Structure formats: structure tokens, C-alpha cells
Amino acid sequence: MSARFPRTSRYHPDWIRSSVSGGANSLWLTEWLTEAMSLGPGMRVLDLGCGRGASSIFLHREFEVQVWATDLWFSPDERMERIRDAGVEHAVFPIHADARSLPFAAGFFDAVVSIDSYVYYGTDDLYLNYLARFVRPGGQIGIAGAGLAQEIDGPAPEHLAAWWEPSMASLHSAQWWRRHWDRSGVAHVDVADTMTDGWKHWLEWQRAIAPDNQVEIDALTADGGSHLGYVRAVARRRPDATLDEPISSVPVTYVKRPLYRRRTTIAEESLNAGM
């Protein structure tokens, strides 16, 4: 139960725990993200990197949207069982796919959401251009997850060193995401901010589901929100943006050519020089 997340508080804690697929409470983050988005009945939504599907079920239950629950790492069969048990199989569809090779038609979705997953692929300078093609012009793209209150230039602060690992270089601040998306030229950023007391919610969740994860708990406690927290960003695909088509293959035709120059004699070289 959390006064900050009234929608999530209606869901049974055992169901939430049984749906864990990462280090964050996906419903808290989805609730926070959707506060900055406009979702309504019948909209088609891509839940990208949905893990075990709790966020996808939440999206349909709360907003009556259709959801394509897409993930690479977790089984779509297990996801389907959860979807069926929640009574939403008519509107939530489990998809097994790589975020860099999505099996959808251009402009199919009204919105894309990504919960605590986008950092694994979205820091690529070209990725937003790729993802935006699956969203209709004017459609929304929203992300929420672990991030930084401020960018870390150089080595991690000493109080984070025991927990920090190289892959955490993908964590960024809300301001970084705003610049990253603005410079792509394909989307207009409506919101890029940091959750108030996000580090406290992060810490509360870790203590609830992973009390033995002392390294992360100690890092969050020592940091006190000076660097770590939750960030979100919401943008709309620019209707006037020209999107590059993804390159899946380059057609070429092989033409046989001699591998080496033809060996010439000294007499032929002299004759050619004289000419």
C-alpha cells in the first residue's frame, strides 16, 4: 500500500511479487509514467521490454487499451498464463521479440511505453528513429525506470563503488534523455523529469522483495537521492519528421573479376614505357 501510487495499491501484493522481472516495482513506474501520458479505451500500445507482463495487464485494466506485451528475455508462455488468469487475453497479447527487430507494421501503435528496460537499447543514437516508425504521427513514446539525478562524469562516487558495475553507464538523468531525444529530430519531448523521493521508493521496494541485497540497499541509503532515483520521459512523434527506413539488407550483384594483375615481361614493360 502506498498513498503515492493509489492505482497500484488496489493490486494484491502477492500478485505483484509473483510478477517481478527486474529491480523495480513495474506498476509503480507504470502508474507514474502514465500520469504524464494520454491513454484511452481502444488505443494500441506497445509495452516494450515488459518482462513478465504485469505492466501490460495494468495498462489494460486501468486504461482499457490494447497492449502488445513484448519482451526478449522472459517466456511468452508464462506471460500468457498470467494474462489469461487476469482475464485480459482479449486485449493483452504476449510477443517474443528483440527491441531491435520488432515484428510490427509502421505506424501501428498509438503509444509505446517502456518500463525499466529502455536503457538496455535506447541509449543508441539511432534507436529512437527506429522505434518511432512503429508509432503513428503524433503518437506517444514514454519511458520510466532507474536513472540519475545528475550525470556522473568520471568514476562512480566512492559510496556507490561497491554496487556500481560497467553496465550502469547506461543510467542517465532526465535532462540527458531530453537532449538525447531532442537531437534525434523525430520527436518532441513533452516531459523529462525525476520522481520526487524516487530513491526512497526504490529502497522500499528492495527491502520488500530483496532484503538480502545489502550492497544495493547500502548504496541507496548512503546516496540518499544525490545521484540515484527514477526518471521518466514522454515524447510525441513529430508529424513532419522524415524517418529513415531500417536497413535489413543491401542488394548487390557479384561480378567476377581477376584477382591479380596480369604478370608482364620486362620487354612488355619497356615497350609500354616507350609508348
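Q: A crossing is left-handed if the near helix is turned anticlockwise from the far one by less than a right angle, and right-handed if clockwise. Which of the two describes how α2 passes α3?

A: The crossing of α2 past α3 is right-handed. Helices here are DSSP runs of H or I with at least four residues, numbered from the N terminus. The model is predicted, so local features need pLDDT of at least 70 and side-chain atom pairs pLDDT 80 or more, while totals for chains, interfaces and linings use all residues. Residues are numbered from 1 along each chain as its sequence is written, and side-chain values use heavy atoms, without hydrogens and water.

Q: How is such a pair of helices described?

A: Two packed helices are described by the angle and the distance between their axes. In this model, the axes of α2 and α3 (residues 54–63) come within 9 Å and cross at roughly 45°. The two helices are therefore oblique to each other.

Q: Which residues make the contact?

A: Contact means heavy atoms within 4.5 Å. Helix α2 contributes S26, L27, T30, E31 and T34, and α3 contributes A54, S55, F58, L59 and F63.

Q: Is T34 buried or exposed?

A: Buried means under 20% relative accessible area, exposed over 50%, and partly exposed in between (1.4 Å probe, protein chains only). T34, which belongs to α2 (residues 26–34), is buried at 6%. T34 touches L39, L59 and F63, leaving aside residues up to four places away in sequence. A polar atom of the T34 side chain lies 3.1 Å from the backbone oxygen of E31.

Terms used
A polar contact is a pair of N or O atoms within 3.5 Å; within protein, one must be able to donate a hydrogen and the other to accept it, and residues adjacent in sequence count only if both atoms are side-chain atoms. Axes are lines fitted to C-alpha atoms, for helices over the stretch in contact, and angles run from 0 to 180 degrees between N-to-C directions. Angles under 35 degrees count as roughly parallel, over 145 as roughly antiparallel, 65 to 115 as roughly perpendicular and the rest as oblique.
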